[in-house]
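Trainee: Before we discuss this entry, could the sequence and the coordinates be put up? I would like to go through it by question and answer.

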There are 2 protein chains.
Amino acid sequence: MSQPRYLTGDKAGIQEFLDKFDVFLFDCDGVLWSGDHLFPNVAETIEMLRGQGKQLVFVTNNSTKSRADYKKKFDKMGIPCEVDEVFGSSYSAAVYIARILKLPAPKNKVYVLGESGIEQELASEGVQYVGGTDLALRRAIEPEDFAAIADGSSLDPDVGIVLSGLDFHVNYLKLATGFAYLQRGAIFLATNTDSTLPTAHSLFPGAGSVGAGLVKAFGKEPLALGKPSQAMMDAIEGKFHFDRSKTCMVGDRLNTDIQFGIEGKLGGTLAVLTGVNKKEDFLGEGKAVVPMAYIDTLGDLLG
Amino acid sequence: MSQPRYLTGDKAGIQEFLDKFDVFLFDCDGVLWSGDHLFPNVAETIEMLRGQGKQLVFVTNNSTKSRADYKKKFDKMGIPCEVDEVFGSSYSAAVYIARILKLPAPKNKVYVLGESGIEQELASEGVQYVGGTDLALRRAIEPEDFAAIADGSSLDPDVGIVLSGLDFHVNYLKLATGFAYLQRGAIFLATNTDSTLPTAHSLFPGAGSVGAGLVKAFGKEPLALGKPSQAMMDAIEGKFHFDRSKTCMVGDRLNTDIQFGIEGKLGGTLAVLTGVNKKEDFLGEGKAVVPMAYIDTLGDLLG
């Protein structure tokens, strides 16, 4: 396997690399910023790419935020960005449900295990949902709930999909309700299945861990709509209709971002060393996931 | 592999079988009763075994009830039983922690994901615990909780064990707290890892599904103290000091009860056909788990 090209400081190499692509898919955390810390020259790099006529898509597995929420983060960070350039796993799930899955009405409602970001994106694609932030489910399960779930009287007969994401208000009642829909034949989707959520300089349970109770009870994995699942690539393509051979994935994680680009048969992948993985993780013999090129920080693309 | 002996109606065969054993370990649900329905002649059968001088142990994976809670169920069902004859997965965990694991104080406290049955059993063995039914954790996670968990200020520095069981009040705050203890090196135990809880003529998330979020986030399975884990057999032996060759496991489920007895190298196993498995599941060639004998209903042991 050929070794990836190191682009930092290689002005000619950078332009040659950029010229290969019309579209850049960007991971955000670890590439543009880390938490609330913006990396140097990111805004200028983004402007430079726009100046060269590149289409940019910001791809994130964060399911709690809608695209509108996420744009606010870009605004706060001072990075120019349109809502339509943001592609989160919640929106990915909404696009997949509305444009690819297209279940016939009326049995096409979605039971949501997740926060308002998911609800907003489902609504933006005209998808009906129950659960989610419904306060009626934010309580302890009571003895009468078991019977009402078992006989279906507390269930919506039109639910045909269970969509599991990051829910900071997960509880037994929500898990039992989701499990009941799955046992009645609902399709099992997840915004993403990240096991952990990096925050406050530590790791917390991620969307995959919140939904793990449904997976264990039901005995089957959901189709995930976040990186590295190719269902997300299909959803991105379903919206942007890009030429994969002229598209490059930029990210810091080999097993999500770079693998996502390679499996999606994109023209290129660019690893940035400001996040999870270091160059030792992909340089040398026998490495599982190897990017086409790498760079110390995104701002190095300015040359 | 030899085929199991069918004991129903075989008076001589029954007595020959009973004479082999001094101790009988009984699964409860599916053997003695199904939910609130007592099977015929169960109380008389239990009395008959006692009359023959047999030691009886009632073994259950139900982690929400203490032995005292469980004895109330026996009383209600009219089955004579002593608290000391009940061995639930919560008690199993308490015995394992107190008599086998024996972590040195002070870092030997248990963080409980579960209900009061677990707390009662830990207390009965003199084990200190946090979490569990603590009302301070029965609420939504707040932004300041992330920092307090990350820097450890909301954690108990003496927690050395995380014990995961069936918690009807599970929430994100509890999962995040348990995950933090695991990341700090706590030993990961589970009362049991049953994926589902049969109730109200339906299936609900079981202890294994409640704890699945911890497993997914942490990336490692807990040591389970319920059937078919041999850690439970060790805990039973730790209390009763029985002769395994003179002990018989009686149960309705092949992959928990019967496997539990076979792996524990007990002298015998007896399948009862009033629960999950049917005789077709173990008769014939190439079956994975085969009991020594089987019987239609427990009451048939009266002959």
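**Local geometry and contacts**

Trainee: At the start of α10(B), which residue has a side-chain oxygen within 3.1 Å of the backbone nitrogen of A231(B)?

Mentor: This is a predicted model, in which local features need pLDDT of at least 70, side-chain atom pairs count only at pLDDT 80 or more, and totals for chains, interfaces and linings use all residues; side-chain values use heavy atoms, with hydrogens and water left out. Residues are numbered from 1 along each chain as its sequence is written, while chains are lettered from A and ligands numbered from 1 in the order in which they are written. Helices (H or I, at least four residues) and strands (E, at least two) are DSSP runs numbered from the N terminus. The oxygen that reaches the backbone nitrogen of A231(B) at the start of α10(B) belongs to S229(B).

Trainee: Which residues of α10(B) are buried, and which residue just after α10(B) takes a positive phi?

Mentor: Buried means under 20% relative accessible area, exposed over 50%, and partly exposed in between (1.4 Å probe, protein chains only). In α10 of chain B, residues 230-240, the buried set is A231(B), M232(B), M233(B), A235(B), I236(B), K239(B) and F240(B). Just after α10(B), the residue with a positive phi, about 50 degrees, is H241(B).

Trainee: Is H241(A) buried or exposed?

Mentor: H241(A) sits in the loop between α10 and β14 (247-251) of chain A. Its phi is positive, about 50 degrees, although it is not a glycine. Because its relative accessibility is 63%, H241(A) counts as exposed.

Trainee: How does A200(A) count in accessibility?

Mentor: A200(A) is in the loop between β11 (196-199) and β12 (202-205) of chain A. Phi of A200(A) is positive, near 50 degrees, in a residue other than glycine. Because the relative accessibility is 32%, A200(A) counts as partly exposed.

Trainee: UniProt places a "binding site" at K227(A); which side chain makes a polar contact of 2.8 Å with that of K227(A)?

Mentor: The feature comes from an unreviewed UniProt entry; UniProt positions are given in the numbering used here, feature names are shortened, and annotations may be inferred rather than shown by experiment. K227(A) is in the loop between β13 (223-224) and α10 (230-240) of chain A, and it counts as buried because its relative accessibility is 6%. Contact means heavy atoms within 4.5 Å, and beyond four places in sequence K227(A) touches residues including N61(A), M249(A) and F260(A). A polar contact is a pair of N or O atoms within 3.5 Å (within protein, one must be able to donate a hydrogen and the other to accept it, and residues adjacent in sequence count only if both atoms are side-chain atoms), and the partner of K227(A) at 2.8 Å is D27(A).

Trainee: What is the crossing angle of α4(B) and α5(B)?

Mentor: α4(B) passes α5(B) in a right-handed crossing; a crossing is right-handed if the near helix is turned clockwise from the far one by less than a right angle, and left-handed if anticlockwise. S90(B), Y91(B), A94(B) and I97(B) of α4(B) meet G117(B), I118(B), E121(B), L122(B) and S124(B) of α5(B). Axes are lines fitted to C-alpha atoms, for helices over the stretch in contact, and angles run from 0 to 180 degrees between N-to-C directions. The axes of α4(B) and α5(B) come within 8 Å, and the crossing angle is roughly 35 degrees.

Trainee: Which side chain is joined to that of E115(B) by a polar contact?

Mentor: E115(B) is in the loop between β7 (109-113) and α5 of chain B, and it is buried because its relative accessible area is 10%. Its contacts beyond four places in sequence include T64(B), R138(B) and D167(B). At 2.8 Å, the polar partner of E115(B) is H169(B).

Trainee: And which side chain is joined to that of E85(B) by a polar contact?

Mentor: E85(B) is in the loop between α3 (67-77) and β6 (86-88) of chain B, and it is buried because its relative accessible area is 13%. Among the residues it touches beyond four places in sequence are L56(B) and F58(B). At 2.5 Å, the polar partner of E85(B) is R50(B).
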